[in-house]
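Look at the sequence and the model below before reading on. The paragraphs that follow go through the structure part by part.

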Amino acid sequence: IWNECFFQKLSVTSSDIDNLVKMATNQTEEAFIPDEIPRMPTQEEIEEAEEAHAKRMEDKRRKKEQKKKKGKKNCSVYVNGLPEDVTTEELVAFFSRGGIILKDPFTAQPKVKIYKEETPESGTKSSSGLVSALVTYFKPESVPQAIMLLDEAHIRPGVPVAVAEATFAHKEASEKTAAPRKRLSKKIKTYKQESELNWEEEEGTHVVIKHVFTQDEAWSDPKFFEELEQELREELEKFGEVDKLKIFEFNPDGVVVVIFDNSMAASMCVEKTNGRAFGGRTLEASYYDGFTDYFVKESKENEARRLAQFGDWLGDDDK
């Protein structure tokens, strides 16, 4: 109305303006008047709504716990019958045959706990002066492999051990009453084992075989490693397809690392090769632990000997 009066250049008095304001105010108030005033819910309706909300929250929490429990798989094994003077290094070397051992994210040390005073299950000291330990692997698939390969195996001559899957029912019950843990600072740098492994292949396919050769026999023939690789491939392919085979020529332990196409072939290789006699030596076969570097640089003494033997070999050919 005001715009219409303005554009038509009509004379407008103060009373006209007051009337226009009143009309606009009345229209605004009428626009916000609801047709029906909502009633207040009764106490019974409030209680029903609260009960329904609580039920929805409980169902949501239960589903979340079930999903978390289903996604978390056991990666640990218990071992009983260990000697009292057993060391962490000894356990790591022994249980690496079953797979890669997990490292603590803060200390970067293998997660191996030795119970010298009491067993983890009963809380009582082991009989016959033997102790127990808890070993945690990097992946859950290593647990059945470790049980299959190491249960009743001898960690030392005449010292068999019992290996079984770890259970944590007692621990879960005690954690309910335990004091809450302090939150660690975000500034603490944690160790990430995945970045150290840096494998594209499936874990559990890398096998390390030791004592395959000696340095003396290795450099007696320039074709030694070529013939050795061919012989090893023929033997190892009986377990499954071999993706890669690496001979660490200058390693004094005569190390060979083989990567299989699948973990089943690797498991058979470890089971059948470990302890086998080869060239008058006893082979040691185990899964790669994920961090050991078997590369050894050739020494000057070994290089001189190798070149001398190669020269003798050339001389024999000339004859």
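The model is a predicted one.

Begin with the core. The largest nonpolar core has 49 residues, and Phe 95, Leu 236 and Phe 260 touch the most other members. Helix α9, which covers residues 224–236, supplies the largest share of this core, five residues. What does Leu 236 contact, leaving aside its neighbours within four places in sequence? The residues in contact with Leu 236 are Ile 209, Val 242, Leu 245, Val 258, Phe 260 and Cys 269.

Another core lies apart from the largest one and has six residues, among them Val 208, Phe 248, Val 255 and Tyr 288. Two of these residues return below. Phe 248 has a charged neighbour: Lys 246 lies over the face of its ring, at 5.8 Å from the ring centre.

Next come the aromatic rings. The structure has six aromatic pairs. In one of them, Phe 224 and Phe 225 have ring centres 5.3 Å apart and planes at 80°; planes over 60 degrees apart count as edge-to-face, so this pair is edge-to-face. Both partners are buried, Phe 224 with a relative accessible area of 17% and Phe 225 with one of 10%. In another pair, the rings of Tyr 288 and Tyr 294 have their centres 6.4 Å apart and their planes at 55°, so the pair is tilted. Tyr 288 is buried at 16% relative accessibility, and Tyr 294 is buried at 12%. Ring pairs also join Phe 213 to Phe 224 and Phe 225 in a cluster.

Now turn to helix α5, residues 142–150. Its buried residues are Ser 142, Val 143, Gln 145, Ala 146, Leu 149 and Leu 150. The elements covering the buried residues of α5 include β1 (76–82), α4 (88–95), β6 (162–165), α10 (263–273) and β12 (284–287).

After α5 comes Glu 152, whose phi is positive, near 70°. This residue lies in the loop between α5 and β4. Is Glu 152 buried or exposed? At 63% relative accessibility, Glu 152 counts as exposed. Not counting residues up to four places away in sequence, Glu 152 touches Pro 160 and Val 161. The C-alpha atoms of Glu 152 and Asn 80 are 9.9 Å apart, although the two residues are separated by 72 residues along the chain.

The last topic is charge. Side chains of opposite charge can pair when their charged atoms come close. How many salt bridges does a search of the whole structure find? The search finds nine salt bridges. One of them joins the side chains of Asp 59 and Arg 62, at 3.1 Å from N to O. Both residues lie in helix α3 (residues 43–71), three residues apart, about one turn of the helix. Asp 59 is partly exposed, with a relative accessible area of 31%, and Arg 62 is partly exposed at 37%. A network of salt bridges links Glu 58, Asp 59, Arg 61 and Arg 62.

Arg 156 forms salt bridges between distant parts of the chain. With Asp 85, the closest N and O atoms are 2.9 Å apart. Here Arg 156 is in strand β4 (residues 154–156) and Asp 85 in the loop between β1 and α4, 71 residues apart. Arg 156 is partly exposed, with a relative accessible area of 24%, while Asp 85 is partly exposed at 48%. Arg 156 also forms a salt bridge with Glu 90, where the closest N and O atoms are 2.7 Å apart. Glu 90 lies in helix α4 and Arg 156 in strand β4, so the pair ties together parts that are 66 residues apart in sequence. Glu 90 is partly exposed at 21% relative accessibility.

Notes:
Residues numbered from 1 in each chain as written. Heavy atoms only, no water. Phe/Tyr/Trp six-rings, centres within 6.5 Å; stacked < 30°, edge-to-face > 60°. Buried < 20%, exposed > 50% of the residue type's maximum accessible area, 1.4 Å probe, protein only. Lys NZ or Arg CZ within 6 Å of the ring centre and 35° of its normal. Core = buried A, V, L, I, M, F, W, Y, C linked by side-chain atoms within 4.5 Å. Helix = DSSP H or I, 4+ residues; strand = E, 2+ residues; numbered from the N terminus. Contact = heavy atoms within 4.5 Å. Salt bridge = Lys/Arg side-chain N within 4 Å of Asp/Glu carboxyl O.
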